[in-house]
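Here is a friendly walk through one protein model, written to be read with the sequence and the 3D view side by side. Please keep both open as you go.

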Amino acid sequence: FRNQFQPPTPRESIAWSTLADTLSVTVPPGARLALAQDVTRMAEERGLSNVRVRFTPTDSSFVPPRQLSTSAGAAGPAPYFIVLECHGGFAPVLTLVNALPPTVALLRMVGRSERTGTVYRLTLAVYEAASAHDAG
């Protein structure tokens with residue numbers, strides 16, 4: 001491995017240093033539908049069924065801000081949660097939780113048994129760039 005490692009070129013280093021790290025852990029305020037579609041698709045790909053997503057206003061749950069690089073500031077929670085309901089097994093739900101994008105954080109996971117199987121409800125906090133909240 002060490003013999004095959006090649007350090008980045010100066011051009012690559014400059015390009016990587018200018019990327020805002022908020023791109024990987026936050027979503028723009030207008031992208032909540034796309035994010036919900038992505039999470040829904042991920043759930044279905046893991047074998048979960050009857051997947052439904054809705055947006056709810058935030059409540060008193062504590063969502064810690066994520067500290068980014070000093071130039072980017074902090075990523076704060078969005079003013080809404082994504083609530084995902086689905087039917088399926090515990091293993092596919094855990095697989096989904098492990099695959100969630102860094103733009104969301106699992107706040108709650110509740111399962112209840114019904115005649116048709118187990119229904120899970122996942123409440124996800126969403127991170128937006130702090131500057132998006134300051135502008136509004």
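## Asp-59 and its partner

Asp-59 is partly exposed, with a relative accessible area of 40%. Here buried stands for under 20% relative accessible area, exposed for over 50%, and partly exposed for anything in between (1.4 Å probe, protein chains only). Which residue does Asp-59 form a salt bridge with? The partner is Arg-108, and the closest N and O atoms are 2.8 Å apart. A salt bridge is a side-chain nitrogen of Lys or Arg within 4 Å of a carboxyl oxygen of Asp or Glu. Asp-59 sits in the loop between strand 1 (49-57) and strand 2 (66-67), while Arg-108 belongs to strand 4 (residues 104-114), so the pair ties together parts that are 49 residues apart in sequence. Arg-108 is partly exposed, at 34% relative accessible area.

## About the model

This is a predicted model, in which local features need pLDDT of at least 70 and side-chain atom pairs count only at pLDDT 80 or more, whereas totals for chains, interfaces and linings use all residues. Residues are numbered from 1 along each chain as its sequence is written, and side-chain values use heavy atoms, with hydrogens and water left out.

## Overall layout

The protein chain has 5 helices and 5 strands, arranged along the sequence as α-α-α-β-β-β-α-β-β-α. These elements are DSSP runs numbered from the N terminus: helices are H or I with at least four residues, and strands are E with at least two.

Of the 136 residues in the protein chain, 32% are buried. The chain exposes about 8600 Å², and carbon and sulfur atoms supply 56% of that area; accessible areas come from the Shrake-Rupley method with a 1.4 Å probe, and for residues only the protein chains shown count as cover. Among contacts (heavy atoms within 4.5 Å) with a separation of 6 or more, 71% join residues 24 or more positions apart.

## The nonpolar cores

A nonpolar core is a set of buried Ala, Val, Leu, Ile, Met, Phe, Trp, Tyr and Cys residues joined through side-chain atoms within 4.5 Å. The largest one has 20 residues, and Leu-35, Leu-48, Leu-84, Leu-96 and Val-126 touch the most other members. Two or more residues come from each of helix 3 (32-45), strand 3 (74-87), helix 4 (90-99) and strand 5 (117-129). Which element gives the most to this core? That is strand 3, with 5 residues.

Leaving aside residues up to four places away in sequence, Leu-35 touches Val-27, Ile-82, Pro-101, Thr-103, Val-104 and Val-126. There is also a second, separate core of 6 residues, including Val-63, Ala-75, Ala-125 and Tyr-127.

## A charged network

Side chains of opposite charge can pair when their charged atoms come close. The salt-bridge count comes to 7, and Asp-38, Arg-41, Glu-45 and Arg-46 are linked in a network of such bridges. Glu-45 meets Arg-41 at 3.3 Å, N to O; both lie in helix 3, 4 residues apart, about one turn of the helix. Glu-45 also meets Arg-46, at 3.9 Å.

How do these side chains differ in cover? Glu-45 is exposed, at 54% relative accessible area, whereas Arg-41 is partly exposed at 39% and Arg-46 is partly exposed at 26%.

## Aromatic pairs and a surface patch

The structure holds 2 aromatic pairs. Rings of Phe, Tyr and Trp (its six-membered ring) pair if their centres lie within 6.5 Å; planes under 30 degrees apart count as stacked, over 60 as edge-to-face and the rest as tilted. Phe-55 and Tyr-80 have ring centres 5.6 Å apart and planes at 80°, so the pair is edge-to-face. Phe-55 is in strand 1 and Tyr-80 in strand 3, so the pair ties together parts 25 residues apart in sequence. Phe-55 is partly exposed at 26%, while Tyr-80 is buried at 5%. The pair of Phe-90 and Tyr-120 is tilted, with 6.4 Å centre to centre and 40° between the planes. Phe-90 lies in helix 4 and Tyr-120 in strand 5, 30 residues apart. Tyr-120 is buried, at 9%, and Phe-90 is partly exposed, at 44%.

Helix 4 and strand 4 each give two or more residues to the patch. Met-109, in strand 4, is partly exposed at 32%.
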